[in-house]
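Please work through each task before reading its solution.

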Amino acid sequence: MGQSPTFINFSPSLNSAVQSALKEDWDPLLEAAGTSGRQWEDNAPCASYSSDLFFPEVEHPWSDPEQIRRDHSSSLREPLSVCASCPLSVSARCLVESLRQEDKYGIRAGLLASERRALLTAWKSRIDSEAVSAALRGVPTALTSLEREEALSRLSADPSLNTDAAARGMAVSSKYLFQLLRDHQQHLCDIADPIHASIGGASDE
Ligand code: SF4
């Protein structure tokens, strides 16, 4: 991973948690965000502003953030200062929720969309082992595609796991889960024997 960006208008604690997350240590950010329900939204200073303020038209996920901050400082001042006044637990939760929803656009926790892009990429490539375990126990859990693969690997490797519970946790039917498991095992066979897989693939055409 390249050099971590330095964020401005950002609390030092949140900055440090984000820098850790970019180095694949998500604990500080997740701990700061907490797990309570949706009360955090009641304490969000942005709640009394128009949401448009946090979606500046001049900025998108592929912008150059330094240039945007330099060229549009006056229009960004207000949303960034609202975020700067946000309590740490709320801004951390706001940021984590934006990652969970794979929210690419808008300002969150004082970060422009373009500044959150690397964090979102890192989030998508992480595997939350506890989330996978919860899904396998039957607790409905939103899994990323990598986490879903991890769940399928565990199910394939451990016959004591309950597939009906896993189907519930992964929000799919039992029949569809068996299809996913078959595909997963076939994929593993193809990786183990790529020559046979390519011959098989060619003869299927
Ligand atoms: S950090 Fe999130 S919750 Fe807090 S003011 Fe900014 S956008 Fe609102």
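**Exercise 1.** State how much space lies in the largest pocket of this predicted model, and identify which elements give two or more residues to its lining.

*Solution.* Step 1: the space in the largest pocket comes to about 420 Å³. Step 2: two or more residues of the lining are given by each of α4 and α5. Step 3: α5 supplies the largest share of this lining, namely 5 residues.

**Exercise 2.** Determine how many residues line the largest pocket, which of them lie nearest its centre, and how the lining divides by class.

*Solution.* Step 1: the lining consists of 23 residues. Step 2: those nearest the centre of the pocket are Trp40, Cys46, Cys94, Ile107 and Arg108. Step 3: by class, the lining comprises 14 nonpolar, 4 polar and 5 charged residues.

**Exercise 3.** Locate the ligand and list the residues that surround it.

*Solution.* Step 1: the largest pocket is where the ligand sits. Step 2: with a cut-off of 4 Å between heavy atoms, the surrounding residues are Ala44, Pro45, Cys46, Val82, Cys83, Cys86, Val90, Ser91, Cys94 and Ala109. Step 3: α4 (73-84) and α5 (88-100) are the elements that give two or more residues to this shell. Step 4: α5 contributes the most, with 3 residues.

Key. Residues numbered from 1 in each chain as written. Predicted model: local features only at pLDDT ≥ 70, side-chain atom pairs only at ≥ 80, totals over all residues. Heavy atoms only, no water. 1 Å grid on protein atoms, 1.4 Å probe; cavity = no way out; pocket = protein on both sides within 12 Å on 5 of 7 lines; lining within 4 Å. Sits in = over half its atoms within 2 Å of the grid points. Helix = DSSP H or I, 4+ residues; strand = E, 2+ residues; numbered from the N terminus. Points joined across faces, edges and corners; volume = space filled by probe spheres on them. Nonpolar A, V, L, I, M, F, W, Y, C, P; charged D, E, K, R; others polar.
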